[in-house]
Amino acid sequence: MSDLRLADHIPTPDHHRQRYDFREHLGSGGMADVYRARDTELGRDIAVKVFRADDDTVADLQRREREIRLLSRLNHPGLVGIHDAGVLMDEGVARRYVVMEYVEGRSLAHRLARGPMKPRQVADIGAQMADALSYVHGHGIVHRDVKPENILVAEVPTLGYTLMAKLADFGVAQFADGSRLTGDGAIMGTAAYISPEQARGDEVGTPSDVYSLGLVLLESLRGEREYPGSAIEAALARLHRPPAVPEDLPGEWRALLSAMTDDDPARRPTAHDVAATMRDVIRGMIITGRGKHEGRTARTWRRPRSTRRQAPGTAGSSGSSRASGSPRRFGRFGPARSPGSPGSPARTVAIASAAVGGVAVSVALVVTAVAGVVAL
C-alpha cells in the first residue's frame, strides 16, 4: 500500500479538503506505519502513525486505546508529543491513527552507524533521556524498549544542551504495577538492550529502563553494541557477564554506567538520579572548558603593568610570579590564584593594613581638630 493511496482515503471534516496531507513514508514497525504529513489547518509538518488493520482481538484493541489515551496526557520536552488521533478509511478498511510531533532529525541508531559520539553529546542525550524517563516513571509507566532506534536526535542546541533528543515509541510499554499495555506472557523489548530481569522473564519495573539506557550510553561512547549476535545470544549474554565498561573512561562515567547496568535492579540509580548526575558531568565539562578559555583570554587582554594599581608591599610579588613562567592552575570552579595576584590572601592583608593605617591617620586629625575647638 502506498502513502498516496492512504492519503486519498483520509476522511475530511468539511468534505472539501483533507487536513493531513501525506508526503512520505518514514518507516514501519511491528504494529504500525509512520508517515510525514502536512497539517493543512496549522501549516506544519507532523508525523502520523497508522496502525495496521490486522485481526486484533478485543483485548488488543482495548490495550491500543488505553495506550493512546494514556500517552496523550503526557507532556514533556523529552517525549514526542501527541497532537491528535482518529480513524481513517484505507481501501474500505478502518485504520486507527495517531498524529505526533515531527522531529527533524534521525534516530540515534542512524547516528551511531557513523561511529562513537563525543562525550559531551552522549552526556546531553543521557541527561535528556533520563529526565524523560523520570517523568514517565512518575506517571507509573515503564517504557521497556529504550534503544537507539527509539531515540530521535536533532543536532539543534536546545535547553542548554548541544543537541535535542526525544524518546519515542511506547508500543510495548506497561504500567509499573505490572498491568501491560501489550500482550501477556511474552518477553517484550529488543534483545540487545533488555535488562537481565526482562531476559529471565521476571517482573519488570522502572529500573529496567535505566539498565537499557545505560547500554545505549555505553554504545554511544564506544561505537559498538555491548551484546551483539542473534536475539537469543544477545538476551542470554547479559545473564553470564556484566557489560564491560572501559577502564579508560573518566571516573564519573565508569561509576555511573556500572551502577546503571548493575545486575540487581535494586542497586541501580533512579532515572531522576541519572539525569542529575549527567547534568553534573556536563557542568564539569563546561567549567573545564571555560577555565581553559579564561586562561587564554586573560593572557590576551592583560592590561599594561604601568596602569595596574598595587598595594604597598606587594609591588614585586605579583610581577615575579608572572615572570617565572609558571602555568596557570585551575580549580573546580575557576582559576587558582597565585599568592601575589589580585584577590589573594597576601594582597588582601596588605590592602587591609593600608586601610587600617588610613583610619588611624583620620582619627588623629579629628582629635587635633577637636582640641583646637576646645582651646578656642
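**Salt bridges, a lysine site and a nonpolar patch**

At 39% relative accessibility, Arg-200 falls in the partly exposed class. In this predicted model, the side chain of Arg-200 is paired with that of Asp-202 in a salt bridge, with 3.1 Å between the closest N and O atoms. Asp-202 is likewise partly exposed, its relative accessibility being 40%.

The pair is one entry in a wider set, since side chains of opposite charge can pair when their charged atoms come close. Over the whole structure, 22 salt bridges were found. Another of them joins Asp-21 to Arg-23, with an N to O distance of 3.1 Å. Asp-21 has a relative accessible area of 26% and is therefore partly exposed; for Arg-23 the value is 41%, which also places the residue in the partly exposed class.

A further salt bridge is formed by Glu-101 and Lys-166, whose closest N and O atoms lie 3.5 Å apart. Glu-101 belongs to strand 5 (residues 93-101) and Lys-166 to strand 9 (residues 164-167), so this pair ties together parts separated by 65 residues in sequence. Glu-101 is partly exposed, at 24% relative accessibility, whereas Lys-166 is buried, at 6%.

Glu-24, Arg-36, Arg-38 and Asp-45 are connected through a network of salt bridges.

In the model, Lys-49 is part of strand 3, which spans residues 44-51. With a relative accessible area of 13%, Lys-49 is buried. When neighbours within four places in sequence are set aside, the contacts of Lys-49 comprise Ala-32, Asp-33 and Val-34, together with Arg-96, Tyr-97, Val-98, Met-100 and Asp-169.

A surface feature of another kind involves nonpolar side chains. Ile-232, Leu-236 and Leu-239 make up a nonpolar surface patch of about 270 Å². Leu-236, one of the residues in this patch, is located in helix 7, which covers residues 231-240. Leu-236 is partly exposed, with a relative accessibility of 41%.

How values were computed: Residues numbered from 1 in each chain as written. Predicted model: local features only at pLDDT ≥ 70, side-chain atom pairs only at ≥ 80, totals over all residues. Heavy atoms only, no water. Patch = residues over 30% accessible without salt bridge, like charges linked within 9 Å, V, L, I, M, F, W, Y side chains within 5 Å. Areas by Shrake-Rupley, 256 points an atom, 1.4 Å probe, with all protein chains shown as cover. Salt bridge = Lys/Arg side-chain N within 4 Å of Asp/Glu carboxyl O. Helix = DSSP H or I, 4+ residues; strand = E, 2+ residues; numbered from the N terminus. Buried < 20%, exposed > 50% of the residue type's maximum accessible area, 1.4 Å probe, protein only. Contact = heavy atoms within 4.5 Å.
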